[in-house]
Amino acid sequence: MIKKILVAIMIALPMCAIAQTKIGVINTDSVFQIMPETAQIQAQIQEKAKMYDGEIKKLQEELQKKYTEYQELDKDATTPESIKQRRIQEIQELDTKYQQFIQTAEREIQSQQQKLIAPIREKIMMAIKAVGQENGFSAIFPEGVAIYTGNDVTDITPLVKLKLGLK
């Protein structure tokens, strides 16, 4: 009889602990979008992208010019095949440089964006932790991660916005 009572207590005890667990969800993207620093970061990224766009357009124009010259040269039957081959090689080399420059520009823009976003993400994470501690949450998950959330899950997005002084 005592064993049955102990087994029942052993089974019920974890269930009581789970029932007292307070779980929250947060939409970090909505918080991130209204942070004042976000607009500044987007402006900086757009400025850098414009700079790269100018260089990319110059390379495109140069590539198009070389290709047009080659087409004219190719129509001329008196042009030696070795000159045509050299022009094709120049176009291919220029195209390779063009593609490499685009990849480099994308990497640099992405790197700068990650570097600028990191402090904002850290600020949001600190606010989430503070709200979690102040309100006794056992766990806080990003919104949309859980397959199912019951009625007892609290959306803490408004609390985090309040903690950060956002509307």
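**Group meeting: a walk through one predicted chain**

By buried I mean under 20% relative accessible area, while exposed is over 50% and partly exposed is in between, using a 1.4 Å probe and protein chains only. Before I go on, this is a predicted model, so local features need pLDDT of at least 70 and side-chain atom pairs count only at pLDDT 80 or more, while totals for chains, interfaces and linings use all residues. Residues are numbered from 1 along each chain as its sequence is written, and side-chain values use heavy atoms, with hydrogens and water left out.

Back to Leu59, then. You'll find Leu59 in helix H3. Helices here are DSSP runs of H or I with at least four residues, strands are runs of E with at least two, and both are numbered from the N terminus. What does Leu59 contact, once neighbours within four places in sequence are left aside? Leu94, Tyr98 and Phe101, where contact means heavy atoms within 4.5 Å. Leu59 and Asp95 are 36 residues apart along the chain, and their C-alpha atoms are separated by 8.6 Å.

Now stay in helix H3, because that's where Asp53 lies too. Asp53 is partly exposed, with a relative accessible area of 42%.

Let's follow the chain out of H3. Helix H3 covers 36-75, helix H4 covers 81-134, and Thr79 is in the loop between them. Is Thr79 buried or exposed? It counts as buried, because its relative accessibility is 11%. Its side chain makes a polar contact with the side chain of Asp76, at 3.2 Å. A polar contact is a pair of N or O atoms within 3.5 Å; within protein, one must be able to donate a hydrogen and the other to accept it, and residues adjacent in sequence count only if both atoms are side-chain atoms. Not counting residues up to four places away in sequence, Thr79 touches Leu73 and Lys84.

Time to zoom out. The chain has five helices and three strands, in the pattern α-β-α-α-α-β-β-α along the sequence. Of its 167 residues, 24% are buried. And if you take contacts between residues at least 6 apart in sequence, 85% join residues at least 24 apart.

So how are the strands arranged? They form an open sheet in the order S2-S1-S3, with parallel pairing. S2 and S3 are at the edges with a single partner strand each, so one side of each has no neighbour in the sheet. Two strands pair if DSSP finds at least two bridges between them. S1 (residues 23-26) is joined to S2 (residues 139-142) by four bridges, and S1 pairs with S3 (residues 154-155) over two. Have a look at Gly24: its bridge partner in S2 is Ile140, and its bridge partner in S3 is Thr154. Val25 stands opposite Asp155 in S3.

Last stop: charges over rings. The rule is that NZ of Lys or CZ of Arg is within 6 Å of the ring centre and within 35 degrees of the ring normal. Lys22 lies over the face of Phe137, 4.8 Å from the ring centre. Arg121 does likewise over the face of Phe32, at 4.6 Å from the ring centre.
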